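Subject: A structure for you to look at

Hello,

Here is the structure I promised to pass on. Please open it alongside this email, and then read on for what turned up in it.

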Amino acid sequence: MTGREGGAALTPPPGESPIVVLVRPQMAQNIGTVARAMANGGLFHLRIVAPRDGWPQEVAYRAASGADRILDAATIHETVDDALADCQRVFATCPRPRHVIIPVRTARAAAEDLREINARGLRAAILFGPERAGLENEDMARADTLVRYPLNPAHMSLNLAQAVMILSYEWWMAEEPTPPRALMTNETRVATKGELEGFLNRLTGELDACGFLDNLPKRPGMVRNLRHLFQRGEVTEQELRTLHGVVTELSRGRVARGGPAAPATAVDPQIDG
């Protein structure tokens, strides 16, 4: 929720963007959750064909969770043909297309197509059917492309808002610049190989001093295992400083108990402090 009267400051994006067409929706609450899903994915244009309970409905606004402006701008149509009259391309969601020769897309491929279509200044709409039975054959006959969601074949049931959310998400992600993978380092950074090497040298020196690596035949393999452990991930500079502090305290404890000190070259004075 936005906490602002009238909901979030949603506006249609410049140019053409997909129009969501709800065909004979049965519950006003579902229309509201559709608007919420559209807002999440950057869609704005909503058309409603023959809503069962009429329009407007206050319950839809409560379910929209701040996407009020999408509902305010929604238009009501008596027929599918009227809702599509000014469109140049029409997609329709369909769980199992049968006995028809027509292009079929996944939601991801459909979103890519919609980006290309709208970039050419063409107006495209996506039909979503009633909650209980979906689109009828006559509805789908208005479409030039069908959209299928390849889900678990043992349970492919989606509610109306979920169906709209999947396509809205794919539409948004088709041009979303966020890297698919990232390491959040906050105020630190990934350590350089030189910094990591300095720590490993120091750790090896301390392990030699305490006798952990006294088994000379096994020593090379043990050192390699330690190296692989720290090389496997992107250790940060902050984490290395913490590890240096751990090694320092362990070394002090050993020396206080009368154990040998590690070689001076094993300590990085710029980090150990």
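How do the residues of the lining of the largest pocket divide into nonpolar, polar and charged? Before the reply, please keep in mind that this is a predicted model. The lining divides into 13 nonpolar residues, five polar ones and four charged ones.

Let me stay with that pocket for a moment. Its space comes to about 480 Å³. Of the 22 residues that line the pocket, those nearest its centre are Pro95, Gly134, Met156, Leu158 and Ala163. Strand E7 (145-148) and helix H7 each give at least two residues to this lining.

Thr145 counts as buried, because its relative accessibility is 2% and the cut-off for buried is under 20%. Beyond its neighbours within four places in sequence, Thr145 is in contact with Arg89, Val90, Phe91, Ala92, Ile102, Pro103 and Arg105.

Now to the interior. In soluble globular proteins, nonpolar side chains tend to be buried together. Here, the largest nonpolar core has 35 residues, and the members that touch the most others are Val20, Leu22, Val34, Met38, Leu46, Phe128 and Val164. At least two residues of this core come from each of strand E1 (19-23), helix H1 (28-40), strand E2 (45-49), helix H3 (68-73), helix H5 (107-119), strand E6 (124-128) and helix H7 (160-173).

Apart from its neighbours within four places in sequence, Leu22 has contacts with Ile31, Val34, Leu46, Arg47, Ile48, Val49, Phe128, Leu160 and Val164.

Next, have a look at the strands. E6 is largely enclosed by the rest of the structure, because five of its five residues are buried. In a regular strand the side chains alternate between the two faces of the sheet. In E6, Ala124, Ile126 and Phe128 point one way, while Ala125 and Leu127 point the other way, and all are buried.

Which strands pair with E6, and in what sense? E1 runs parallel to E6, and four bridges join the two. Within that pairing, Val21 is the residue opposite Leu127 of E6. Strand E4 (residues 89-93) also pairs with E6 in the parallel sense, over four bridges. There, Phe91 stands opposite Ile126 of E6.

E1 has a further pairing, with E2, which is parallel and spans five bridges. Val21 stands opposite Arg47 in E2. As for burial, four of the five residues of E2 are buried, so E2 is largely enclosed by the rest of the structure.

Trp55 and Pro56 are joined by a cis peptide bond, with omega at about 5 degrees. Pro56 belongs to the loop between E2 and helix H2 (58-63).

Ala50 sits in the loop between E2 and H2. Its phi is near 45 degrees, a positive value in a residue other than glycine. Ala50 counts as partly exposed, with a relative accessibility of 33%.

Another positive phi in a residue other than glycine belongs to Arg24, near 50 degrees. Arg24 is found in the loop between E1 and H1. With a relative accessible area of 27%, Arg24 is partly exposed.

Is Arg52 buried or exposed? Arg52 is exposed, because its relative accessible area is 53% and the cut-off for exposed is over 50%. The loop between E2 and H2 is where you will find Arg52. Although Arg52 and Pro25 are 27 residues apart in sequence, their C-alpha atoms are 6.2 Å apart in space. Leaving out neighbours within four places in sequence, the contacts of Arg52 are Pro25, Gln26 and Met27.

Enjoy exploring, and do write back with any questions.

Best wishes

Notes
Residues are numbered from 1 along each chain as its sequence is written. This is a predicted model: local features need pLDDT of at least 70, side-chain atom pairs count only at pLDDT 80 or more; totals for chains, interfaces and linings use all residues. Side-chain values use heavy atoms; hydrogens and water are left out. A nonpolar core is a set of buried Ala, Val, Leu, Ile, Met, Phe, Trp, Tyr and Cys residues joined through side-chain atoms within 4.5 Å. Buried means under 20% relative accessible area, exposed over 50%, partly exposed in between (1.4 Å probe, protein chains only). Contact means heavy atoms within 4.5 Å. Two strands pair if DSSP finds at least two bridges between them. On a 1 Å grid over the protein atoms alone, a cavity is a set of points where a 1.4 Å probe fits but cannot get out, and a pocket is an open set with protein on both sides within 12 Å along at least five of seven lines; lining residues have an atom within 4 Å of a point. Grid points are joined across faces, edges and corners, and a volume is the space filled by probe spheres set on the points. Ala, Val, Leu, Ile, Met, Phe, Trp, Tyr, Cys and Pro count as nonpolar, Asp, Glu, Lys and Arg as charged, and the others, Gly among them, as polar.
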